[in-house]
Amino acid sequence: MDVALIELEADHPGFNDSAYRARRNEIAEVALGHTSGAPIPRINYTEVENQTWAEVYRGLTSLFATHACSEFNQVFSELNYPADRIPQIADVDAFMSHRTGFRMQPVAGLVGARDFLEHLSRRIFCSTQYIRYHDRPLYTPEPDICHELLGHAPMLAIPEFADLTQKIGEASRGVTDEQIEQLATLYWFTVEYGVVRQEGALKAYGAGLLSSYGELAHSLEGEVEIRPFEPAQTAVTPYPITSYQPVLWEVDSIGQAFEKIRRHLDSARR
Ligand SMILES: [Fe+2]
């Protein structure tokens with residue numbers, strides 16, 4: 001991947017901690033040195049990093065039974081993550097690829113939308129490997145290993161969801177920047193922030209919700225506007241990236257989300 005080391009924004013909680021920044025860069029550099037298809041490098045995480053994981057894990061797993069969709073909970077129990085240390089992407093990659101063929105590609109930070117979507121079209125998920133700042137374990141302004149492994153990885157091991165994710169990626173081939181933006185928005189409101197109604201109750205299937213202790217509770221407890229998922233409308237709806245989502249889009253099932261997206265993308269192509 002041609003992604004250089006990304007400098008932290010001044011509002012990142014670890015911005016003023018030079019030791020944190022050096023460590024984050026060290027792990028990001030491992031990703032930069034990795035070539036696609038080679039074994040995924042293992043990181044020797046520190047005690048502090050493992051403690052951060054433990055805290056995030058404890059908070060989120062207290063909500064999953066009531067707030068996550070049933071498919072997620074099934075896969076999550078099979079993943080059998082340790083509560084007290086960060087799982088290795090290499091091991092999660094083996095689990096995911098066995099289930100759905102999705103692979104993990106370590107990256108040094110946020111990847112541009114076109115590049116990211118192109119990887120999805122080949123069932124490759126670009127994943128960060130460093131962890132959020134230890135003083136703010138329940139908050140991160142950027143993707144980190146907690147977001148990838150607690151939000152994305154279980155969902156990408158579910159066949160219907162893997163198909164949906166790849167479908168959005170496939171539509172990115174050869175399209176304009178404006179169309180890329182719409183696909184990124186569709187991705188945002190499904191893969192990151194999707195909600196599904198199961199037995200009458202709203203549950204999360206999006207990784208952004210599933211990996212945020214505060215927003216997961218907030219969003220599913222009547223605090224936000226819920227609209228029926230309509231890809232043509234959803235794809236042009238603006239959204240905030242640094243605050244809780246004011247609007248979420250609901251589906252009856254992950255299969256329904258896939259079908260609606262497939263029909264939308266087919267008609268957009270004609
Ligand atoms: Fe994400």
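Modeller: Let's start with Glu199, which is found in the loop between β3 (195-198) and β4. Helices (H or I, at least four residues) and strands (E, at least two) are DSSP runs, numbered from the N terminus. Before we go on: this is a predicted model, where local features need pLDDT of at least 70, side-chain atom pairs count only at pLDDT 80 or more, and totals for chains, interfaces and linings use all residues. Residues are numbered from 1 along each chain as its sequence is written, and side-chain values use heavy atoms, with hydrogens and water left out.

Colleague: OK. What's the phi of Glu199?

Modeller: Positive, about 50°, although Glu199 is not a glycine. Most residues other than glycine have a negative phi.

Colleague: And is Glu199 buried or exposed?

Modeller: Exposed, at 87% relative accessibility. Buried means under 20% relative accessible area, exposed over 50%, and partly exposed in between (1.4 Å probe, protein chains only). Asn80 also has a positive phi, near 55°. Asn80 is in the loop between α3 (70-79) and α4 (89-100) and counts as exposed at 63%.

Colleague: Switching to the metal: what coordinates the iron ion?

Modeller: His147 (NE2), His152 (NE2) and Glu192 (OE), at 2.0 to 2.1 Å. Donors here are N, O and S atoms within 2.8 Å of the metal (3.2 Å for Na, K and Ca), and water is not among the atoms, so sites may look incomplete. The spacing along the chain is H-x4-H-x39-E. His152 sits in helix α6 (residues 145-156) and Glu192 in helix α8 (residues 177-192), 40 residues apart.

Colleague: How accessible are His152 and Glu192?

Modeller: His152 is buried at 2%, and Glu192 is buried at 10%.

Colleague: Now the sheet. What's the strand order?

Modeller: β4-β3-β6-β5, an open sheet of 4 strands with mixed pairing. β4 (201-204) and β5 (225-228) are the edge strands, each pairing on one side only. Two strands pair if DSSP finds at least two bridges between them.

Colleague: How many bridges join β5 to β6?

Modeller: There are 4, and β5 runs parallel to β6 (residues 247-251). Glu225 stands opposite Val247 in β6.

Colleague: Last one: what is Tyr81 in contact with?

Modeller: Leaving aside neighbours within four places in sequence, the contacts of Tyr81 (heavy atoms within 4.5 Å) include Trp53, Phe76, Leu149 and Pro154.
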